[in-house]
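Work through the two exercises below with the model open beside you, and try each task before reading its solution.

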Amino acid sequence: MSDAASPSPPESPGPEPKISTINEAVIRIAGNSQDGIQAIGGFLARLAGRSEQEVMTFMTIPSTISGGPSIFQVRIGSGEVASAGDDADVLLAFYQHSYEEHLSSLKKGGIVLFDADHVEPKPEWQQDYHHVGIPISSLTIEAIGGTAKDKGKNIFALGLLARIFDLNVAKLEGLIGERFGGKDTSILKNALAAFHAGYAHSLGQVFETFKFSESQRRSGQQVVTNGNEALAYGIIAAGVRFGAAYPITPWSDVMEILRRELPKYGGTFVQCEDEIAAISMANGASFAGRVAVTGSSGPGISLKMESVGWAVMAEIPLVVVNVQRGGPSTGMPTSVEQSDLNLACFGSHGDAPRVVLAPADVEDCFYTAIEAVNIARKFNVPVFILSDQAIATRIEAFSAPDLEKVCQDITPDLSPVADFKPYDLSTPEGTTRRAVPGTPILSGRYPIAGGLEHDEYGHPTGSPKLHMQMTAKRRKKLQVLAATLPTPKVYGPPEGNVLLVGWGSTRGPIQEAVDRARAAGDSVSAVHIKHLNPLPPGLENIFSGFNTVRVVEMNDEGLYGYGQLAGLLRARFCDPKISGINKTDGLTWRVKDILERARTDISTGLRKL
Amino acid sequence: MSAPTVELSRQSGNGAVAPATPPERKPLTKKEIASDHPTWCPGCGDFSVLALYFKLIERRKLWQEKIATISGIGCSSRFPYFVQGYGAHYIHGRSLPFASGVSLSRPDLHVFVFGGDGDMFSIGGNHFNHAARKNVKLTCVVMDNWVYGLTKKQTSPTSPLGFKSKTDTWGAVDYPINPMKQAIAAGATFVARTTHTNPNHVLQMMEAAMDHDGFSFIECLSECVEFYEGAFDASNPRKGGVFNVVPPDHDVTDEAAAYKLADQPFPGSFGIFYKASRPTKNAKEAAVNAAAREKVKGLKDWEILRKAFDRMK
């Protein structure tokens, strides 16, 4: 164990506990939303990033402004960490309700650290879980002379965790300094005092402490961030310099970051009066030569749909972000769901083909934003990015992108052109250069962007032939795009019994489910689909290698027994072996739940192959 | 017409070393700026607004690369198709946020928005208020005919009480919106009223609106000869009405006075009711950007972004 910087323990520590070396740990912190438990989780995650460890977090927050139960789970590992973990090794419970609600998420034999000032442990649970009661609230007040009753107890608890997991104290002190080192030096002083008091507190009752083994995988500097932040910076890296939106949870972080950051790059982000105004403003900026971005969550996306149809019709490059949450209607604003896939693929009236992409992890949020912008530019089409509440708020560590290489300048070219047909029927893959307002056109014929069916210059037509040709043009360019998309890689062997199919934020738990099943000798593989509309080529070949194809989604099984992606895949491939594994509890998948739900297929395997 | 455009010939005449001046570019002719033949009914007031827009373009030497013509949905909103220049025919009611996106991202363009009373005061009412209060630099001309024309005679938000339409066969019952009051109350910084039957006045208002640095709004009465014939006769001297200009002693910076002027019974007054000097959203955003850019001076975009990533380490 490393030495604490300058702790003066309030009581003399008991006998040194046993130290075990571990590869990973899942820590669940349960309290109320105003307790700063997200700060503890954030510190742990950033520490992991700085220690070249892998990390993933999971949090729930109530949709109230203040108060209400909240948890933050962090999984830190020296090897690969693909999900936030099913069950916790350590539960830190601040209140009776935190203790009672979350003890079931603790592994049998796990440690529950509880605030003895607020929690009365249940005798019947003492058998199965290692109980460690510490009067966190009163010790914090003792350490920093607290006046405000609960301030600082999160940092005290961080000190406790640092001790139990032998975390790097100097690095944690650095992080605390970055967070609290403001004008008022007493804040930092108090935070460090609380941290040291927690670190120095006697752990006599804990029968062992832990030490992470050396990280195997990572080298070089990692960044630690959440999906919303990665997405916002991806949008900037892609060269987007205009955006407009209306606040809604959990999308708002993205717009706050863009509003704050874009001016540094000469860009503008506008907070609009409503969702329709927001996408309209983005459409206007895109028409004017920018690739603009708008975004929202479920209800707001519903409101934008008429304008998405306009962008399809007028062939305008536009990026629409949907950070999905539980629906329909106001639904579950702070819970996760993948129930907007149909909306993204089919929302709006008429035949309105558009592109839909879904990032699979936090790092992927950054690169998906760039891909979305480039598809929008190349094919003059609206592109949806389907993120979700889980990926938006979870924290991961990943290698910093090569920014010099990935950053793009997409300033419009306004140099004169001889002639320009915005809807040229001879170039189905989309025009190579869109002449935008401000570009002199030497022929004197200027394009009109409109929602009416049009001729090649954009002028309205009621011609049945042109409507057929233009409808086909809008579809064909996406077929051209589809042909260029990479076939997704199968995780696990390309042939076997069960293929788990996923999209979006569920890739981690699905791949862990594959690992666990294969370790138990079962024949399970997985494939993750990022390009949801159009679908990439080669999926039928992948499906043909398996007895059953189970699409794992966080949405309802639907009227006919298939979730939203499962329905799309069945419609596309007419393959009766495709079915779904669905759930609507507003929480992320636990690995064991996926395996349990696929159990029948797994155990009846080998019947065909 | 071709007004001699003195203000644009900037040949230096006093012997100073003048930079090589390219041959003076001619203003666009009506033939060059006209596009599709309008779909409006013969006698529609909108023809007059279109003709005067062409005149404005010619007189003020607005070439195609300098302007964008934006509209929503409605009879009047077919406007951009009739103009040979960059234009957009957007969805119903949302032309103002669309045009704001153009204006805020392209300071080099002058953005003109044309629409009707339904577009601007019914389905797009909220956007009208917010574009006005944000003072986005653009010119918004509402061709107000007091009726829904494209869908063939339903009640509009400006239809007077008692107007018999297909949706109010017994006469309109909902109190109408007063566009001038609406604009003043919303915070528009230029509010003017004109009528299609007085072309010189329409052009005068358009020029003044264009020269205003901010959200400039013109209500232009534009008769629907098909579904509301004679609606504006009381404002047309040729039909026995009176065309009263805004009284010369009216103070255009006095918001309360402007509101009072807007309260006159029809035909009321024509001219500029209100004009205020308030920084545009365009200018305010530019100032935000200038301050932000100052802090990252000399850095390339990827270097600015690297600083953001360094904070995540």
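The domain bounds used here come from an automatic or database domain assignment, and the model itself is a predicted one.

**Exercise 1.** Describe how domain 2 of chain A meets domain 3 of chain A.

*Solution.* Begin with the bounds: in chain A, domain 2 covers residues 224–406 and domain 3 covers residues 413–484, these being two of the domains into which the chain is divided. Next, take the separation, for the C-alpha centres of these two domains of chain A lie 25 Å apart. Then look at the contacts, counting two residues when their C-beta atoms, placed from the backbone, lie within 7 Å: 17 residues of domain 2 touch 16 residues of domain 3 in chain A. On the domain 2 side, helix H10 (298–314) and helix H12 (362–379) of chain A each supply at least two residues, and H10(A) has the largest share, with four residues. Sorting that side by class gives twelve nonpolar, two polar and three charged residues.

**Exercise 2.** Describe the side of chain B that touches chain A, and find where strands of the two chains pair.

*Solution.* Start with the contacts, in which 45 residues of chain B meet 53 residues of chain A. Among the elements of chain B that give two or more residues to this side are strand E2 (87–89) and helix H3 (95–105), and H3(B) gives the most, with eight residues. By class, this side of chain B holds 22 nonpolar, twelve polar and eleven charged residues. Finally, turn to the strands: E17 (residues 448–450) of chain A pairs with E2(B) in the parallel sense over three bridges, and in E2(B) the residue B:Gly87 is the bridge partner of A:Ile448.

How values were computed:
Residues numbered from 1 in each chain as written. Chains lettered and ligands numbered in written order. Predicted model: local features only at pLDDT ≥ 70, side-chain atom pairs only at ≥ 80, totals over all residues. Nonpolar A, V, L, I, M, F, W, Y, C, P; charged D, E, K, R; others polar. Pairing = 2+ DSSP bridges.
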